[in-house]
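Please look over the sequence and the structure first.

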Amino acid sequence: MEKFNIGIIGAGHIAEKMAFTLNRMEDAAAYAVASRSLEKAENFASVHGVEKAYGSYEELLDDPQVDMVYVATPHSLHLHHVKMCLEKGRPVLCEKAFMLNRAEAEEAIRLSEERNVFLAEAIWTRYMPFRKTVREVIDSGRIGRPMMLTAHLGYPVAHKERIIDPSLGGGALLDLGVYVINFALMMFGDGISSISSTCVKADTGVDLQESITFTWPDGKMAVMQATALCASERQAIICGDKGYIVLDNINNPLKAEIWSAGHVLEETLHAPEQITGFEYQVRACISAIREGRIETDFMPHSETLRVMELMDTVRTRWEEAFSRTDI
């Protein structure tokens, strides 16, 4: 089957990882890259084996050989760039966090539906096959009744412009917290009954680290931490009354240890070999586009909206806490 040509908008670190992945896939190709600087685009193309380089996003979108566009620009630019793609009839895979808030996400999805053009969020953990494996262990009753989940993700990246600059949609929540929230939803599902959260902010006003707790009507809890101030072990632990599962990395879990309630290691599961893990989201999008669909079951529009709304609620909790004077 002919390779699917991917055009990349943006030439930063995440775009480099995508190009690396595409160059090693049999069913997709790193066909084109666009940056606001032609020199930067040409350098990216030369270093990362991309066929075409463009000095404007419009030029890439006008290339009839582009089958799908991967948007890898800062969060604050996602809505503008996604709309550009959709208006040109180009299917889009937009890097997480999808948008700045639910209102922006609704606008983008509405345009996708009106134009009948594919749109998906590149939250890569949603597309990984190992996600399904772990959920099957939970659903099998192996650890009994699952009631508590913890998930941590942290990197010392507070100095980076994309984190510290509010004009770029900075903050730990959109960059890192989105992963722990998605993880909780993947493992415990929808129907959250209460949300509590607190954060630490930078002088620029963006959040640098936070603790978030979700509670479900049946008593399940997910306690999550995201930080741009320090490195964390990135682990998740899903606990039941008969045992628990320890995942080595919520960002890209490669190993799941199943422990008994008596703290005896019973089994270790391993994820299948991968290029980077990005290939799964690309293949899911290609499949949906070839089927004539405008979304993928791995991360449907409804779930993207749900995550955006949860993050909006988390930020509301912060503002409520900061406005209190009795603490």
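## The second largest pocket

In this predicted model, the element that gives the most to the lining of the second largest pocket is α10, with three residues. The second largest pocket holds about 220 Å³ of space. It is lined by 13 residues, and those closest to its centre are Gly170, Gly205, Asp207, Arg315 and Trp318.

By class, the lining of the second largest pocket divides into six nonpolar, three polar and four charged residues.

## The largest pocket

The largest pocket contains about 1000 Å³ of space. Its lining is made of 34 residues, and Gly12, His13, Ile14, Arg162 and Asp175 are the ones nearest its centre. Two or more residues of the lining come from each of α1, α7 (161-164) and α8 (172-188).

Sorted by class, the lining of the largest pocket has 14 nonpolar, 10 polar and 10 charged residues.

## Cavities

How many cavities of 30 Å³ or more does a search of the whole structure find? The search finds two. The largest cavity has about 60 Å³ of space. Its lining consists of Thr125, Phe130, Arg131, Val134, Phe183, Met186, Met187, Leu247, Ile250 and Pro253. The elements that give two or more residues to this lining are α6 (129-139) and α8. The classes in the lining of the largest cavity are eight nonpolar, one polar and one charged.

The second largest cavity has about 40 Å³ of space. Met128, Pro129, Phe130, Asn252, Pro253, Leu254, Ala271, Pro272, Gln274 and Tyr280 line the second largest cavity. This lining has eight nonpolar and two polar residues, and no charged ones. Phe130 and Pro253 are among the residues that line the largest cavity, and Phe130 and Pro253 are also among those that line the second largest cavity.

## Helix α2 and its two faces

Helix α2 spans residues 38-48, and its buried residues are Ala41, Phe44, Ala45 and His48.

Which exposed residues does the face of α2 turned away from its buried side carry? That face carries Glu39, Ser46 and Val47. Just after α2 comes Gly49, which takes a positive phi of about 65°.

The loop between β5 (92-95) and α5 (102-115) contains Ala97. Lys96 and Ala97 are joined by a cis peptide bond, with omega at about -20°.

Two residues other than glycine have a positive phi. Asn116 is not a glycine, yet its phi is positive at about 60°. Asn116 sits in the loop between α5 and β6 (119-122). With a relative accessible area of 56%, Asn116 is exposed. Arg234 is also a residue other than glycine, and its phi is near 65°, a positive value. Arg234 is placed in the loop between β10 (221-227) and β11 (236-240). Is Arg234 buried or partly exposed? Its relative accessible area is 30%, so Arg234 counts as partly exposed.

## The annotated domain

The UniProt record, an unreviewed entry, carries the annotation "domain: GFO/IDH/MocA-like oxidoreductase" for residues 133-245. Over residues 133-245 of the model, the chain is 25% helix and 36% strand. The end C-alpha atoms of this stretch are 12 Å apart.

Terms used
Residues numbered from 1 in each chain as written. Predicted model: local features only at pLDDT ≥ 70, side-chain atom pairs only at ≥ 80, totals over all residues. Heavy atoms only, no water. UniProt positions renumbered as here; feature names shortened; annotations may be inferred. Helix = DSSP H or I, 4+ residues; strand = E, 2+ residues; numbered from the N terminus. Buried < 20%, exposed > 50% of the residue type's maximum accessible area, 1.4 Å probe, protein only. 1 Å grid on protein atoms, 1.4 Å probe; cavity = no way out; pocket = protein on both sides within 12 Å on 5 of 7 lines; lining within 4 Å. Points joined across faces, edges and corners; volume = space filled by probe spheres on them. Nonpolar A, V, L, I, M, F, W, Y, C, P; charged D, E, K, R; others polar.
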